[in-house]
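Hi,

Here is the structure I promised to pass on. Have a look at it first, and my notes on what I found follow below.

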Amino acid sequence: MTKEEILEKSRNENKNQDVYDLDTQNKAARYSIFAASILCCLLIILQVVVKKILPFELIVILFGMESVLFITKYVKMRKNHELFVAIIYSLGFIISGVFYVKGLMA
């Protein structure tokens, strides 16, 4: 293969998107999810320690965010581990969502 053929094949595979740009966007998304998860955990701990209540709205956000992440990873990679973790987070999302709605009704 010539250099031009390799470049053309790469462009077709990446749909004319810059690989560096895509990698940067992926890293930024991963960092933001990590930061949001840490922030939710810290706020949950803070509310439990200070107010002695469990903030289900933050737990719903945390589990919802993580379940979407692992469902997407499973759909793309088809790894059983990703499916297992997605199911666990989805159950956490549903259970915490029920408790949150129950708290709203009380």
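Let me start with the packing: the buried residues of helix 2 pack against helix 3. "Buried" here is under 20% relative accessible area, "exposed" is over 50%, and "partly exposed" is in between, using a 1.4 Å probe and protein chains only. Helices (H or I, at least four residues) and strands (E, at least two) are DSSP runs, numbered from the N terminus.

Before you read on, some housekeeping. This is a predicted model, where local features need pLDDT of at least 70 and side-chain atom pairs count only at pLDDT 80 or more, while totals for chains, interfaces and linings use all residues. Residues are numbered from 1 along each chain as its sequence is written, and side-chain values use heavy atoms, with hydrogens and water left out.

**The overall picture**

The protein chain has four helices and zero strands, so its pattern along the sequence, by the DSSP runs, reads α-α-α-α. Its radius of gyration (taken over C-alpha atoms) is 20 Å, whereas a compact globule of 106 residues would have one near 13 Å. That globule rule is 2.2 Å times the number of residues to the power 0.38. The C-alpha trace spans about 70 × 25 × 20 Å along its principal axes. Buried residues make up 19% of the 106 residues.

**Helix 2**

Helix 2 covers residues 19–51, and its 33 residues reach 47 Å from first C-alpha to last, close to the 48 Å expected at 1.5 Å a residue. That expected span is 1.5 Å times one less than the number of residues. The buried residues of helix 2 are Ser37, Cys40 and Ile44. An α-helix has 3.6 residues a turn, so residues three or four places apart point the same way. After helix 2 comes lysine 52, with a positive phi near 60 degrees.

**Helix 3**

What covers the buried residues of helix 3? Both helix 2 and helix 4 are included in that cover. The buried residues here are Leu58, Ile59, Val60, Leu62, Gly64, Glu66, Ser67, Phe70 and Tyr74. As for length, the 22 residues of helix 3 should span 32 Å, and its end C-alpha atoms are 31 Å apart, which agrees. Arginine 78 follows helix 3, and its phi is positive, near 55 degrees.

Apart from neighbours within four places in sequence, leucine 58 is in contact (heavy atoms within 4.5 Å) with Cys40, Leu43 and Ile44.

**Helix 4**

Helix 4 (residues 80–105) has 26 residues and reaches 37 Å from end to end by C-alpha, close to the expected 38 Å. Its buried residues are Glu82, Val85, Ala86, Ser90, Gly92, Ser96 and Gly97, and the buried residues of helix 4 pack against helix 3.

Is asparagine 80 buried or exposed? Asparagine 80, in helix 4, is exposed because its relative accessible area is 62%. Its C-alpha lies 19 Å from that of glycine 64, which is 16 residues away in sequence.

Cheers
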